[in-house]
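Biologist: I would like to learn how to read a model like this one. Could you take me through some features, giving the general idea before each case?

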Amino acid sequence: VLRSQTRAVNEREGPGVLDYLVLVTEGLPEGVGKRPAGAHRGKEKNGWGAVLGVLVLGLVWLGLRYRIRKAGPVKKVRWQERKESGLVKTDAKFEGRVVPVELGESSYPIYIGWEVLGDFGRTFVEHCGSKQALVITDENVAGWYGQAVVESLARAGVWAQAAAVPAGETSKSLPQLERLYEKMFDLALERSDAVVALGGGVVGDLAGYAAATFKRGVRLVQVPTTLLAMVDSSIGGKTGINHARGKNMIGSFYQPRMVYADVSVLGTLPRRELGCGLAETVKHAVIRDGEFFELLEKEWQQILALDQRRMIELVERNCRIKAAVVSADEKESGLRGIL
């Protein structure tokens with residue numbers, strides 16, 4: 001038995017996915033639900049309490065039905081309609097691919113291009129309109145791309161500063177989060193300002209959680225620089241930090257204003273990290289796209305050689321798979337569990 005959301009995703013995206021299996025029995029097994037012998041039955045003689053309860057529930061139900069009918073049906077606005085209405089805008093000058101993540105008023109685009117980091121500032125302004133931004137990155141990525149992003153924002157009229165945390169999983173911690181809060185206070189960051197998460201999954205999770213919680217939410221943009229982050233962690237709004245008693249147990253769902261992936265930056269990625277991202281693409285292909293799985297088997301050498309055309313196609317197809325699942329199940333209450 002498929003939920004309607006799952007069925008809609010399958011019709012758009014390809015092969016069916018089993019969401020829920022429901023077993024229906026004709027009756028309870030022998031002995032289940034029966035009152036134990038000798039149980040007290042005195043209260044059954046007075047049924048006025050039950051009658052009164054039913055009447056109250058009936059009145060509540062009638063009130064709810066009236067409010068629901070008065071509100072009218074829920075209107076599902078498609079991506080194109082939202083763009084035309086101005087709820088969601090895209091950068092018309094962007095040279096690359098754009099994948100939509102459809103989440104109602106929280107919808108956003110994923111930009112995928114090659115050597116497009118220099119144009120980031122213009123696209124940032126299109127989606128955020130912020131005059132100030134804090135670029136959060138790690139010490140490795142800062143040396144490669146931190147200055148380029150800050151300068152691109154400056155050319156677009158955005159005043160930006162960078163804050164770098166140590167590279168590695170240990171930075172997803174309360175002490176590093178506290179450091180970022182101090183920086184945000186120093187800059188007097190407002191809700192109309194933005195946090196730019198420039199890096200891999202660690203930076204995306206940490207910076208995203210900082211953005212989600214500072215002043216109850218400032219604007220967030222994800223700029224992934226690893227293959228794993230491009231095809232997975234930057235999409236879907238999962239943010240958080242680790243704790244001594246559990247990984248990713250402190251966090252929130254907080255969607256970015258956009259995701260901006262310059263695939264050419266993968267040229268500075270260690271081969272092992274590239275392999276981690278490629279494993280995620282194989283997982284997505286196994287789950288939802290058999291043709292894509294065959295493509296990965298056949299052209300893995302071009303992919304590992306970072307062939308421009310193949311890498312853009314690789315990232316785009318993975319983003320479409322992840323976006324479709326997230327659009328159907330934002331808070332991981334059902335279908336998103338397949339990932």
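Biologist: Which side chain does the side chain of Q255 join in a polar contact?

Modeller: A polar contact is a pair of N or O atoms within 3.5 Å; within protein, one must be able to donate a hydrogen and the other to accept it, and residues adjacent in sequence count only if both atoms are side-chain atoms. Here the side chains of Q255 and Y108 are joined by a polar contact of 2.9 Å. A polar atom of the Q255 side chain also lies 3.3 Å from the backbone nitrogen of G237. Before we go on, please note that this is a predicted model, where local features need pLDDT of at least 70, side-chain atom pairs count only at pLDDT 80 or more, and totals for chains, interfaces and linings use all residues. Residues are numbered from 1 along each chain as its sequence is written, and side-chain values use heavy atoms, with hydrogens and water left out.

Biologist: Where is the place of Q255, and is Q255 buried or exposed?

Modeller: Helices (H or I, at least four residues) and strands (E, at least two) are DSSP runs, numbered from the N terminus. Q255 sits in the loop between β8 (246–253) and β9 (258–262). For burial, the cut-offs are under 20% relative accessible area for buried, over 50% for exposed, and partly exposed in between (1.4 Å probe, protein chains only). With a relative accessible area of 13%, Q255 is buried.

Biologist: Which residues does Q255 touch?

Modeller: Contact means heavy atoms within 4.5 Å. Not counting residues up to four places away in sequence, Q255 touches L103, S106, Y108, G236, G237 and E330.

Biologist: And what does V259 touch?

Modeller: V259 is placed in strand β9 and is buried, at a relative accessible area of 1%. Setting aside residues up to four places away in sequence, V259 touches Y108, P109, I110, Y111, Q222, P224 and S234. Take P109: V259 and P109 are 150 residues apart in sequence, yet 6.5 Å apart in space, C-alpha to C-alpha.

Biologist: How do I read the packing of two helices, say α4 and α5?

Modeller: Start with the axes, which are lines fitted to C-alpha atoms, for helices over the stretch in contact; angles run from 0 to 180 degrees between N-to-C directions. The axes of α4 (residues 120–128) and α5 (residues 139–155) come within 7 Å and cross at roughly 60°. Angles under 35 degrees count as roughly parallel, over 145 as roughly antiparallel, 65 to 115 as roughly perpendicular and the rest as oblique. Therefore α4 and α5 are oblique to each other.

Biologist: Is the crossing of α4 and α5 left-handed or right-handed?

Modeller: A crossing is left-handed if the near helix is turned anticlockwise from the far one by less than a right angle, and right-handed if clockwise. α4 passes α5 in a right-handed crossing. F120, G121 and F124 of α4 make the contact with V149, S152 and L153 of α5.

Biologist: What classes of residue are in that contact of α4 with α5?

Modeller: Ala, Val, Leu, Ile, Met, Phe, Trp, Tyr, Cys and Pro count as nonpolar, Asp, Glu, Lys and Arg as charged, and the others, Gly among them, as polar. The contact of α4 with α5 has four nonpolar, two polar and no charged residues. Within α4, T123 is buried at 0% relative accessibility. Leaving aside neighbours within four places in sequence, T123 is in contact with D91, Y111, M258 and Y260.

Biologist: At what angle do α6 and α7 pack?

Modeller: Helix α6 (residues 174–186) and helix α7 (residues 201–213) pack at about 50°, with axes 10 Å apart. That makes α6 oblique to α7, and their crossing is right-handed. Q176, L177, L180, Y181 and M184 in α6 meet L206, Y209, A210, A211 and T213 in α7. By class, this contact has eight nonpolar, two polar and no charged residues.

Biologist: Which phi value does E115 have?

Modeller: Most residues other than glycine have a negative phi. E115 has a positive phi of about 55° although it is not a glycine. E115 is found in the loop between β2 (108–113) and α4, and is exposed at 63% relative accessibility. Another case is A188, with a positive phi near 55°. A188 is in the loop between α6 and β5 (194–199) and is partly exposed, at 45%.
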